[in-house]
Amino acid sequence: MTISSKPIYSPLEGVEVLAPIQSNAEYLPLSNTTQADILTKSSLSFIVLLHRTFNETRKQLLANREIFQSKLNAGTAKLEFLKDEVSQKLQQDPTWQGALPSYGLIDRRTEITGPPERKMIINALNTPVKTYMSDFEDSSSPTWSNVLNGQLNLYDAIRHQVDFKNLDNNKDYKVNYDSGKPLPTIIVRPRGWHMVEKHILVDGEPISASIVDFGLYFYHNAKELINQGYGPYFYLPKMEHHLEAKLWNDIFNVSQDIFSIKRGTIRATVLIETLPAAYQMEEIIYQLRNHTSGLNCGRWDYIFSTIKTLVKDQTKLLPNRDQITMTVPFMSSYCKRLIHICHNRQVHAMGGMAAQIPIKNDEVANTVAMDKVFNDKLREVKMGYDGTWVAHPALSVIANGVFNQHMPTPNQLFKSNEDPHVTEQDLSNTAIENGVITTDGIRQNIYIALCYVESWIRGIGCVPINNLMEDAATAEVSRLQLYSWRYHNVELDDLKVKLSSSIVEQLLQEELDKLLIQFPSSKNYKFEIAARYLKPEMTGKSCSNFLTTLIYDEIVEAGQPIDLNLLK
């Protein structure tokens, strides 16, 4: 069917765009779409309308996070299952369910993820997976160019005009539209509620980055996706409370109403990647129930949030990062609870990321890495997950093979697993048998954080490090883990000494010196800038809520407002 709508305008007085609308000279696209077709007067008016309507609620919800964390640190609040009005409602009606799976989201056995970079989109759409999560969040560095070009690339991908020629190597990149098989369903992950987009000011303050990413994609593509039989589908990151899910639900309803689109057309999968959200899984589904397409178990973000939430509690320290697997007690409890709740409410339970990438020229190491992927996916499908994530196209063969063998049906929603009886204490019981904290663990955290932050500042948000595809979450774990170890003066198991700021500073300098030799700053690498930001975070002097907000100004373009009358 065809959806008709008129442009929705919100007054643009008080709105400033502080970066230029640029051409796309690095490649020769099949289409003639430009950034000027993405940031138009009408699309800008739409996101400004959403921002003005909902930003005060967003800011209050972020303030609520700080209030709760302060109380938790002071011992006047605790992590517990809710007993509020919403919780009572859903408990009084044990039969309610989430939305029926929408077209393109019924079978999600393998999902590939990556930033909305043009070549990566083409690679993802050519991968034999069911869905593709195009990520404006943790695997993207939100430079102005990346934000607008990401929207442009998705606009073209949905219209089957994303093919292009790379002018640097004269190579053609094309989606295999003639394979006879459906392309992976596109799901978009906008930035989290804590992020702002400083290149657009509304009434003197930066616009919500979440609303920018959602609004531009919805405005330009909702009708086209519906006409193709799909819908605008999203992944929602880093929420900490069910009222944050309600805010998304309210935005979905208003956006659909504006364009006379049936409510429930939008579908959203929520990443349960914060410890507070793990205590509110059912409430989150309930708030989004007409728009929900399930929950997802993260790994690195969830570990990061666990460290951050429990950072003042010396009894909750986590060991070296390579010892924190999905099978340790607190991670296993989180997974079991998520699957049970999702299937009880008949929505998808999605598994976590296989971050490994093929290791060339080392067959033994590659075999070990691929065996890890196989065993991880086998664990997930046997637990009852309805699908899983991969970061590299080559891993789709492993994930598909495991899920095809053990899940011949489109999903496992029919498996209403017995209640695992996960307690409040189970979710925060971070004890890991034989866990150690060592200098090697410190060095690994420093190296990963330096490499990732340096790339992020250069505009690259998805980075291969130590044969793993890393995003912002792994850098967050690295610096927060070091902060927690230093804050509590832990004893290093290998040196048998208390961890001091001087030890961290020495190791940071040593790792930085190695990288500066390998990647000289004369070639525009940013390791020294990365170290400057990381040093106070790792030595216990400061503890920022998010690295990405801490370093965001490094990628913000300083510019004069453009003339909005020149927008299309």
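**Exercise 1. State whether Cys342 is buried or exposed, and find out why the structure holds zero disulfides.**

Solution. Cys342 has a relative accessible area of 0%, and because buried means under 20%, this cysteine is buried in the predicted model. Another cysteine, Cys543, has a relative accessible area of 33% and is partly exposed. For a disulfide, two cysteine sulfur atoms must lie within 2.5 Å. The cysteine sulfur closest to that of Cys342 belongs to Cys297 and is 7.9 Å away, which is too far for a bond. The structure holds zero disulfides.

**Exercise 2. Describe how strand S10 is covered and which strand it pairs with.**

Solution. Begin with the faces of S10, residues 233-236: Tyr233 and Tyr235 lie on one side, Phe234 and Leu236 lie on the other, and all of them are buried, so that both faces are covered. Next, look at the pairing, where S10 and strand S11 (residues 267-272) run in the parallel sense over four bridges, with Tyr233 standing opposite Arg267 in S11.

**Exercise 3. Work out what lines the largest pocket and how much space lies in it.**

Solution. The space in the largest pocket is about 1100 Å³. Its lining is made by 49 residues, and those nearest the centre are Arg299, Trp300, Ala355, Gln356 and Leu468. Helix H12 (residues 363-383) gives the most to this lining, with nine residues. Sorted by class, the lining of the largest pocket has 21 nonpolar, 14 polar and 14 charged residues.

Methods. Residues are numbered from 1 along each chain as its sequence is written. This is a predicted model: local features need pLDDT of at least 70, side-chain atom pairs count only at pLDDT 80 or more; totals for chains, interfaces and linings use all residues. Side-chain values use heavy atoms; hydrogens and water are left out. Buried means under 20% relative accessible area, exposed over 50%, partly exposed in between (1.4 Å probe, protein chains only). Helices (H or I, at least four residues) and strands (E, at least two) are DSSP runs, numbered from the N terminus. Two strands pair if DSSP finds at least two bridges between them. On a 1 Å grid over the protein atoms alone, a cavity is a set of points where a 1.4 Å probe fits but cannot get out, and a pocket is an open set with protein on both sides within 12 Å along at least five of seven lines; lining residues have an atom within 4 Å of a point. Grid points are joined across faces, edges and corners, and a volume is the space filled by probe spheres set on the points. Ala, Val, Leu, Ile, Met, Phe, Trp, Tyr, Cys and Pro count as nonpolar, Asp, Glu, Lys and Arg as charged, and the others, Gly among them, as polar.
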